[in-house]
Amino acid sequence: MQGGTRFNSISDELKRHFGRKTIKLGIDAGFTCPNRDGTCGYGGCAFCSGGGSGELAAHLSVLSDAENAGAELAVAVSALTEQISSSISEQIALMSDKWPDAAYLAYFQSHTNTYAPAETLRTLYNAALDDPRIEGIVIATRPDCLPPDVLDLLSEINQGHYMWVELGLQTVHDEISEAMGIGYTYETYERAVDELLSRGIRVVTHLILGLPGETQDMMLESVRKVCERPLFGIKLHLMNIVRTSRLAETMPDYVPFASIEEYVGLVIRCLEIIPPEITIHRLTGDVPRRLLISPEWSYRKRTILNAINRELAERGTFQGAALL
Ligand code: SF4
């Protein structure tokens with residue numbers, strides 16, 4: 001922890017590692033998700049807004065029966081690699097005035113970024129890694145989308161590049177996971193983490209605070225349990241009801257926390273049970289205001305973060321304090 005902060009933020013960790021400000025460039029590489037295309041389910045997790053273009057998915061599924069599927073897929077993948085390169089250049093052009101010396105990581109963020117054959121994944125990841133301005137890669141995925149050949153590919157990339165893999169877990173409670181239609185169990189997540197860790201790959205776990213049906217004790221249990229493994233990082237998302245999600249139709253009035261203060265109180269209890277070496281990647285929601293239904297204060301990220309920092313200081317507490 002540095003700069004007087006009371007938790008181990010990923011921005012501080014990246015600054016330590018690269019020696020300068022490090023920026024993640026969000027990449028949409030055209031993936032879809034097995035929980036949307038019918039492989040695992042339709043309609044996605046109940047809280048998911050379904051962002052992402054899904055361009056690659058269309059080519060992988062629709063063309064799989066066509067006579068010249070291989071050739072057409074190659075054309076589609078080639079178009080996507082160009083898209084990835086241009087997206088990186090455009091984002092760096094926007095950032096470089098303000099941060100002329102920044103380091104950049106390519107963040108494969110939209111949908112399930114290991115949901116394609118390993119050789120297609122290699123081509124797409126390389127589209128970013130071949131850019132000399134890119135110093136590392138971040139891959140977000142589901143724990144049930146890591147077959148052995150994809151794990152081998154990730155291991156190979158990890159040996160030559162700075163990398164971490166983000167796994168959406170959301171909760172360790174299978175009954176809640178099932179109610180949300182997530183489509184995999186905690187055991188599947190555990191297996192995926194162990195496979196990644198055994199290859200020396202950094203793992204970041206996503207949890208949602210405020211899922212319908214969960215008490216605060218259940219949320220704390222999720223945090224405690226995932227921290228039993230040597231994770232690189234953790235992302236705590238404030239539960240948001242988002243337009244275009246299934247929950248927007250079934251529970252439009254659901255409010256996970258009555259106030260910012262209540263949410264901040266829970267975040268502090270979470271931080272106190274997270275070992276200090278685990279990096280903190282998020283402590284709020286991250287939904288654009290135009291998509292947000294509730295809690296209506298969720299878009300005030302700066303206010304929430306300031307309140308967390310203020311409360312930590314006032315209570316004289318910090319990340320890992322309850323573990324001493
Ligand atoms: S796994 Fe991720 S992308 Fe797929 S439906 Fe769930 S939240 Fe959305």
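## Briefing on a predicted model

Tyr 162 and Trp 164 are both buried. Around them runs an open sheet of seven strands, paired in parallel and ordered β1-β2-β3-β4-β5-β6-β8.

**Aromatic rings**

- The rings of Tyr 162 and Trp 164 have centres that lie 6.1 Å apart and planes that stand at 85 degrees, and since an angle over 60 degrees counts as edge-to-face, the pair formed by Tyr 162 and Trp 164 is described in that way.
- A search of the whole structure finds seven aromatic pairs, and one of them joins Phe 108 to Tyr 125 in an edge-to-face arrangement, with 5.3 Å from centre to centre and 80 degrees between the planes.
- This pair links distant parts of the chain, with Phe 108 placed in strand β2 (residues 103-108) and Tyr 125 in helix α4 (residues 118-129), 17 residues apart.
- Phe 108 has a relative accessible area of 0% and is therefore buried, and Tyr 125, with a relative accessibility of 0%, counts as buried as well.
- Two lysines lie over aromatic faces: Lys 21 is placed over the face of Trp 99, at 4.5 Å from the ring centre, while Lys 24 is placed over the face of Tyr 107, at 4.6 Å from the ring centre.

- In the seven-stranded open sheet, the edge strands are β1 (22-27) and β8 (279-282), each of which pairs on one side only.
- Neighbouring strands of this sheet are turned against each other by 25 degrees on average, when direction is ignored.
- Strand β4 (residues 162-170) and strand β5 (residues 202-209) run parallel and are joined by six bridges, and Glu 166 stands opposite Val 204 in β5.
- Helix α5 (residues 148-160) lies across β3 (134-141), β4 and β5, and its direction runs at about 135 degrees to β4.
- Helix α8 (residues 216-226) also packs on the sheet, where it touches β4, β5 and β6 (233-238), and its direction makes about 175 degrees with that of β5.

- Which strand holds Arg 282? Arg 282 is found in strand β8, and because its relative accessibility is 16%, this residue counts as buried.
- The side chain of Arg 282 makes a polar contact of 3.1 Å with the side chain of Asp 286, and a polar atom of the Arg 282 side chain also lies 3.4 Å from the backbone oxygen of Gly 285.
- When neighbours within four places in sequence are left aside, Arg 282 is in contact with Ile 234, Lys 235, Leu 236, His 237 and Lys 301.

**Ile 260 and its contacts**

- Ile 260 has its place in helix α10 (residues 260-272), and with a relative accessible area of 10% this residue is buried.
- Not counting residues up to four places away in sequence, Ile 260 touches Trp 297, Arg 300, Thr 303, Ile 304 and Ala 307.
- Between Ile 260 and Pro 148 there are 112 residues of separation in sequence and 43 Å in space, taken from C-alpha to C-alpha.

**Backbone details in the loops**

- The peptide bond that leads from Ser 294 to Pro 295 is cis, with omega near -5 degrees, and Pro 295 itself is placed in the loop between β9 (292-294) and α11 (301-315).
- His 111, found in the loop between β2 and α4, has a phi near 60 degrees, which is a positive value in a residue other than glycine.
- Thr 244, found in the loop between β7 (241-242) and α9 (246-250), likewise has a positive phi in a residue other than glycine, in this case near 75 degrees.
- Are His 111 and Thr 244 buried or exposed? His 111 is buried, because its relative accessible area is 18%, whereas Thr 244 counts as exposed, because its relative accessibility is 60%.

Notes: Residues are numbered from 1 along each chain as its sequence is written. This is a predicted model: local features need pLDDT of at least 70, side-chain atom pairs count only at pLDDT 80 or more; totals for chains, interfaces and linings use all residues. Side-chain values use heavy atoms; hydrogens and water are left out. Rings of Phe, Tyr and Trp (its six-membered ring) pair if their centres lie within 6.5 Å; planes under 30 degrees apart count as stacked, over 60 as edge-to-face and the rest as tilted. Helices (H or I, at least four residues) and strands (E, at least two) are DSSP runs, numbered from the N terminus. Buried means under 20% relative accessible area, exposed over 50%, partly exposed in between (1.4 Å probe, protein chains only). A charge sits over a ring if NZ of Lys or CZ of Arg is within 6 Å of the ring centre and within 35 degrees of the ring normal. Two strands pair if DSSP finds at least two bridges between them. Axes are lines fitted to C-alpha atoms, for helices over the stretch in contact, and angles run from 0 to 180 degrees between N-to-C directions. Contact means heavy atoms within 4.5 Å. A polar contact is a pair of N or O atoms within 3.5 Å; within protein, one must be able to donate a hydrogen and the other to accept it, and residues adjacent in sequence count only if both atoms are side-chain atoms.
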